[in-house]
Amino acid sequence: GRVIFRIKDRVRDWRGAPLFPAREIRQPTVVSLGEAYERWYLGIGALYDAENAHGVKARAAGWAKGQALQWAASSVQAGIGFLVRLAMRRLRWSLGNTSLNRAIAALRPYRGGPASEPLDQLFERLTQQVQLRAAEVESLDDEEQDEDAWRPDPDHLASLLDEGVRLLNADAAHAKWEAVCALIDAAGDEKIVLFAQPVETVTVVAGILEQRYGQKPALIIGNQKDEERLSEVERFQSDSGPRFLVSSRAGGEGLNMQRARRLIHLDVPWNPMDMEQRIGRIHRFGSRKTVIIDTVVAKGSREVDMYREARTKLRLIAQHLDPD
């Protein structure tokens, strides 16, 4: 007839020994992606700033703007992917649009496809994805769809797509991953779980890790079947398995990745409990070593503010469960 709430750090066995390991939440690594990136990021936000929006429309616009900025803060590739789907969904652009054509070409390899995938095939895949997302109420790996009839300014959107493609060849597309690799190098040969929201970020990071460390990471993304995800986790957990597991939001619940004690947030989910769910993949019953959590965020983005807000909210929740 009673329910007792405890945070993991306070759970003990009958002898008073902790059942969960301690955890070390490190200060976030803030990475400057450059002035060009910050202008592009602000430009994406400005795309949603409608002067005459009020009430429900204003809230919808604010929510959609937040989603766009979250993807752009995760990686340049994720921001481009968001804008591409926006152009296809809202403006019905096709490959005949030069800006869209270049942006889609720059996204390759896209969500498991080959780097040489023909543009018409990739466009068809994107079309199916956009249609599927539009029919879903919720999604795991993409922005939710709103029902408002809002249309972005075509010239502004084309300019953002062009600028995003240019950024792929600049430091903005690499600085964040250099910081991630520095954290990895400091960890010795330990296994590491890396989490991001968008699949585009998962894909680009997996490619960088394979190129730099010579081993293909285990991957968890939203379009996998349950048995595929479990197979990737088992591969990571094995002695001979890959050192890295890179996951989108799809891997944030229900999976045991406790072979690793290190986790890196590649971006900041705007629901603080999503961060906690990620950590829960390695902070599990029976582990003994302190789990170590790093976060890499882009300077000049909302990620810095969201990280602070997330930590504040999580502390508040913990204090309600355990006032001491």
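What is the volume of the second largest cavity? About 40 Å³, and the legends below show where to find it.

**View 1. Welcome to the whole protein, a predicted model.** Local features need pLDDT of at least 70 and side-chain atom pairs count only at pLDDT 80 or more, while totals for chains, interfaces and linings use all residues. Residues are numbered from 1 along each chain as its sequence is written, and side-chain values use heavy atoms, with hydrogens and water left out. The protein has 11 helices and seven strands, which are DSSP runs numbered from the N terminus (helices: H or I, at least four residues; strands: E, at least two). Its radius of gyration, taken over C-alpha atoms, is 20 Å, close to the 20 Å from the globule rule (2.2 Å times the number of residues to the power 0.38) for 324 residues, so the protein is as compact as a globular protein of that length. The C-alpha trace spans about 70 × 50 × 40 Å along its principal axes.

**View 2. Here are the cavities of the protein.** There are three of 30 Å³ or more. A cavity is a set of points, on a 1 Å grid over the protein atoms alone, where a 1.4 Å probe fits but cannot get out; lining residues have an atom within 4 Å of a point. Grid points are joined across faces, edges and corners, and the volume is the space filled by probe spheres set on the points.

**View 3. Now step inside the largest cavity, with about 50 Å³ of space.** Its lining includes Leu33, Tyr37, Gln77, Lys176 and Trp177. The elements giving two or more residues to this lining are α2 (55-74), α3 (76-90) and α7 (175-186). Helix α2 provides the largest share, three residues. By type, the lining has eight nonpolar, three polar and one charged. Here Ala, Val, Leu, Ile, Met, Phe, Trp, Tyr, Cys and Pro count as nonpolar, Asp, Glu, Lys and Arg as charged, and the others, Gly among them, as polar.

**View 4. Next comes the second largest cavity, lined by Leu183, Ala187, Ile192, Arg262, Leu263, Ile264, Ile292 and Asp294.** Strands β6 (262-265) and β7 (291-298) are the elements that give two or more residues to this lining. The largest share, three residues, belongs to β6. This lining divides into six nonpolar, no polar and two charged residues.

**View 5. Finally, look at what is buried in the protein.** Buried residues (under 20% relative accessible area, 1.4 Å probe, protein chains only) make up 49% of the 324 residues.

Conventions:
1 Å grid on protein atoms, 1.4 Å probe; cavity = no way out; pocket = protein on both sides within 12 Å on 5 of 7 lines; lining within 4 Å. Buried < 20%, exposed > 50% of the residue type's maximum accessible area, 1.4 Å probe, protein only.
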